Amino acid sequence: MGLNGTFQTMPLTDLLQWLGSAHKTGTLAVRGARHTKRIYLKEGRIISSASDDPTEQLGQFLLSHGRITEEDLKKGLEAQARTHVLLGKILLMVGTLKEEELRRLLIMKAEETIFSLFLWTDAHFDFVEGELPKELFVPISLDVQDVLLKGLTVVDELRHIRSRLGSGRTVLRRTSTALPDGFPADRSAAKAVLDLLDGRRSIADVCLALHASEFTVSKLLFHFFEKGFIEIRQRATAESGDGGSADRPFLSADLLIMKGKERLEGRDYQAAMDLLQQAVAAVPRDMDLKRMYDQACSGFREEAYRVHLPPGRVPALVRPMHELMTEKLTPEEGFLISRINGSWDLKSIIDISPLGEVEALRILMSLKDRRLIELR
C-alpha cells in the first residue's frame with residue numbers, strides 16, 4: 001500500500017512513527033522546494049538514506065568529518081568515473097576506510113539527512129511500499145523511535161542557536177579572550193572552525209570551507225560564543241528552511257511552466273531553469289515538470305562545458321587572492337575561488353565542491369564574465 005501527502009496533513013514525526021510501528025518496508029521520498037531526500041525502511045527500521053543535496057553526498061560528509069582530504073575525494077571520483085564503482089567501495093579498496101568505520105559514518109550521515117527534514121515545514125511525501133534499492137553496499141539498521149527522539153532534540157538545539165546567532169549570513173570573529181592551554185587540539189574540528197573566523201567569513205562560508213552541515217558548525221560556534229571566545233561582528237536575520245513558504249513563487253505555477261517551456265524551446269537554458277525551478281517548488285510532485293526542469297539543467301550543462309567552461313581547462317585568478325576578497329562575494333563564490341590553485345582543472349574543482357554541478361557552473365561563468373577568473 002502506498003501513501004502520499006504533505007507535512008501539513010501528516011507531520012514527519014507522525015509519518016515515521018506510523019512506518020515504524022507498522023513494520024513497513026519501502027521507500028519514503030520527501031520533496032521540498034529545492035531537494036528530494038529518501039529514507040529506506042525494512043520491516044520498520046531505517047536501513048539507508050539518500051539525498052540529491054550535494055552537501056549530503058558521501059564524499060562531502062567524509063570531508064566534513066576529516067576522514068578524507070579534497071585530494072582524496074578528487075582521486076576517488078576520478079576512479080569512480082573510470083570504473084563505475086561506488087565511492088565508498090573505492091575508499092575501502094584503497095584502505096582509506098575500514099568497513100566498520102564506514103558503517104558508523106553512514107549511520108551518522110543518515111541521521112543528519114533525516115534531522116534536516118524536521119526543519120521542512122511544507123514538503124510533499126510519497127511512500128512506495130516494497131520498493132528498495134537493488135543493492136545497499138553497507139546497510140545499516142536504525143530504530144525509528146530512537147531517530148525521532150534524537151532528531152527533535154537536535155532541531156530544538158539548532159533553532160535555539162539560530163535565535164542567538166542569526167542566520168548563515170552572520171559574520172563572527174575571535175575575541176581577545178585567551179583559549180585554554182591545549183584547546184583546541186590540532187587537526188580537530190574545533191580548530192578548523194576557529195581558524196576560519198577572520199571577521200569576514202560568515203557561518204555559511206565556514207560550512208562551505210569545511211564541507212560541513214550547518215548544525216555541526218553552529219554547535220561549535222555557539223559553544224565558543226557562550227565561552228566568550230568569539231563574538232558577532234555582523235548579525236543577519238534568520239532564513240527560511242528548505243520547503244518553507246518563503247520559497248513559493250510569486251507567479252502562478254501554470255504561468256511559470258508556460259514561460260519556462262518557451263525558454264527551453266528557445267534554448268535559453270538559464271532562464272528556463274530559473275522559471276521551472278520556481279514551478280517545481282510550487283508543485284514538487286509533478287514528475288513531468290521535474291523532467292522538464294532536468295532537461296533544462298542538462299542543456300545548460302552541455303552548453304556551459306562546450307562553449308564557456310571546457311572541463312579540462314585550468315582556471316586562474318586574474319588578481320591576487322587578497323584583492324579578490326575585497327569583492328562582494330557570496331559564500332559559494334568565495335569557496336570556488338579559494339579552490340583555484342593553478343593545477344586543478346574546472347571539472348576537478350566542481351567535483352570536490354559541496355555545490356551542485358549546475359550551481360557551480362553558473363557561479364564560475366559569472367566569475368569569468370566579471371573578469372575575476374580566466375581560463376588557461
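What follows is a question-and-answer chat about selected features of a predicted model.

User: Before we start, what are the ground rules here?

Analyst: This is a predicted model, where local features need pLDDT of at least 70, side-chain atom pairs count only at pLDDT 80 or more, and totals for chains, interfaces and linings use all residues. Residues are numbered from 1 along each chain as its sequence is written, and side-chain values use heavy atoms, with hydrogens and water left out.

User: Why is the Phe183 and Phe229 pair called tilted?

Analyst: Rings of Phe, Tyr and Trp (its six-membered ring) pair if their centres lie within 6.5 Å; planes under 30 degrees apart are stacked, over 60 edge-to-face, and the rest tilted. Phe183 and Phe229 have ring centres 6.3 Å apart and planes at 40 degrees, so the pair is tilted.

User: What parts of the chain does that pair link?

Analyst: Distant ones: Phe183 is in the loop between β7 (171–174) and α7 (189–195), while Phe229 is in the loop between α9 (214–227) and β9 (230–234), 46 residues apart. Helices here are DSSP runs (H or I, at least four residues), as are strands (E, at least two), and they're numbered from the N terminus.

User: Why does Phe229 count as buried, and what does Phe183 count as?

Analyst: Buried means under 20% relative accessible area, exposed means over 50%, and partly exposed is in between (1.4 Å probe, protein chains only). Phe229 has 8% relative accessibility, so it counts as buried. Phe183 comes in at 30%, so it counts as partly exposed.

User: What makes Phe222 and Phe225 a stacked pair?

Analyst: Their ring centres are 6.4 Å apart and the angle between the planes is 25 degrees, so by the ring rule they pair and count as stacked. Phe222 and Phe225 are 3 residues apart in helix α9, so about one helical turn separates them. Phe222 is buried too, because its relative accessible area is 8%.

User: How many aromatic pairs are there, and which residues do ring pairs link into a cluster?

Analyst: The count is 4 aromatic pairs. Ring pairs link Phe183, Phe224 and Phe229 into a cluster.

User: What is the peptide bond from Phe183 to Pro184, cis or trans?

Analyst: That bond is cis, with omega near -5 degrees. Pro184 sits in the loop between β7 and α7.

User: How do you know that the buried residues of α1 line one face?

Analyst: The buried residues of α1 (residues 12–21) are Leu12, Leu15, Leu16, Leu19 and Gly20. Looking down the axis of α1, they fall within an arc of 125 degrees, so they line one face of the helix. The arc is that of the directions from the helix axis to the C-beta atoms. Their cover includes β1 (3–6), β2 (26–31), β3 (36–42), α5, β5 (124–129) and α6 (144–165), with contact meaning heavy atoms within 4.5 Å.

User: Which value makes His23 worth a look, and is His23 buried or exposed?

Analyst: His23 has phi near 55 degrees, a positive value in a residue other than glycine. His23 lies in the loop between α1 and β2 and is exposed, because its relative accessible area is 55%.

User: What about His211: buried or exposed?

Analyst: Phi of His211 is also positive, near 55 degrees, and His211 lies in the loop between α8 (203–210) and α9. Its relative accessible area is 5%, so His211 is buried.

User: Why is Thr27 called buried, and what is Thr27 in contact with?

Analyst: Thr27, in strand β2, has a relative accessible area of 4%, so it falls in the buried class. Leaving aside neighbours within four places in sequence, Thr27 is in contact with residues including Arg38, Tyr40, Asp126 and Phe127.

User: Where is Glu157 found, and why is Glu157 called partly exposed?

Analyst: Glu157 is in helix α6. Its relative accessible area is 30%, so Glu157 is partly exposed. Leaving aside neighbours within four places in sequence, Glu157 is in contact with Phe215 and Lys219. The C-alpha atoms of Glu157 and Lys219 are 8.3 Å apart, though the two are 62 residues apart along the chain.
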